[in-house]
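Biologist: I'd like to learn how to read this fold one feature at a time. Could you start with how helices pack?

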Amino acid sequence: MQASPRHGFGGRLSYVWQTARPPRPAPTGDRMTTRGELKYEGKAKRVYATPHPGEYIVEYKDDATAFNGVKKAQIGGKGAINNAITAHLFPQLEQAGVPTHFIERLSDTEQRVRAVTIIPVEVIVRNVAAGSFSKRLGIEEGTVLARPVVEYCYKSDALGDPLINTDTAVALGWATPEELTRIRELALKVQAFLVPYFAARGVRLIDFKLEFGRLADGTVVLADEISPDTCRFWDAETNEKLDKDRFRRDLGGVEDAYSEMLARVTREL
Ligand code: C5P
């Protein structure tokens, strides 16, 4: 990805990808980091087996989709940026008491993770009304919520990830009540860590989506990613969108917004 002329952010956002990118890890030559069979391909990532049965390699793609796959495009550098942002945040979440699947970043677009079975219940945490919440309830986008709202969706591309409640998840065998209690607790821990983290970097965390998985022993851990694909980020001063809504809503400056978020996430304070 090359540095492109800045646009769309009033010239204030001057970070470029090259300066923001964390150093690429040295190749380990370790056979454990060799990609095996493709286990799963989603809209934004591929998951590969490795010679170690307890580990997978996740490859982040530049492919972007919206509106349940109806709108498709490539966002140059997106895979590398989302990989880097997730690799930066997940170890800090571990430190904050949230177990995750993340082990290490292997390359620009790959990371080594612990093998999990994804629980098909997506968790959305909202601080400010936006997106489907605003639409569904007729609440103006930008309305600050009096407390965080945790929502659950059934992870199903075919159905467009419909909103569910926890009774549905238990009744259909997607998760146990104990797992759902743990998932909610961990989601709120992620929220408690991320809100001040982003605020300190001039970003309002409007909402975000998490996925959880089970390790072989049944332990629930945070999986998937935390990135501009899965969060809404608004500039704290201007409310400018710095996330996938720039793609969804044809606002332009998509690559710049992702680069900007990487720069802010990795900024030392
Ligand atoms: O569209 P909606 O308002 O429900 O999205 C809430 C949050 O969840 C947004 O940050 C969005 O990026 C994220 N999301 C996601 N994957 C989905 C649906 C929503 O990451 N399939």
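Modeller: An angle under 35 degrees counts as roughly parallel, over 145 as roughly antiparallel, 65 to 115 as roughly perpendicular, and the rest as oblique. Axes are lines fitted to C-alpha atoms, for helices over the stretch in contact, and angles run from 0 to 180 degrees between N-to-C directions. One caution: this is a predicted model, where local features need pLDDT of at least 70, side-chain atom pairs count only at pLDDT 80 or more, and totals for chains, interfaces and linings use all residues. Residues are numbered from 1 along each chain as its sequence is written, and side-chain values use heavy atoms, with hydrogens and water left out.

Biologist: At what angle do helix α2 and helix α5 pack?

Modeller: About 125 degrees, with the axes of α2 (residues 78–95) and α5 (residues 177–199) 11 Å apart. The two are therefore oblique to each other. On the α2 side, H88, L89, Q92 and L93 make the contact (heavy atoms within 4.5 Å). On the α5 side, V190, F193, L194, Y197 and F198 make it. Those residues divide into 7 nonpolar, 2 polar and no charged. Here Ala, Val, Leu, Ile, Met, Phe, Trp, Tyr, Cys and Pro count as nonpolar, Asp, Glu, Lys and Arg as charged, and the others, Gly among them, as polar.

Biologist: Is K78 buried or exposed?

Modeller: Buried means under 20% relative accessible area, exposed over 50%, and partly exposed in between (1.4 Å probe, protein chains only). K78, which lies in helix α2, has 1% relative accessibility, so K78 counts as buried. Setting aside neighbours within four places in sequence, K78 touches A44, K61, D62, D63, A64, D229 and Y258. Across the chain, 51% of the 269 residues are buried.

Biologist: How many helices and strands does the chain have?

Modeller: There are 7 helices and 14 strands, taken as DSSP runs numbered from the N terminus (helices: H or I, at least four residues; strands: E, at least two).
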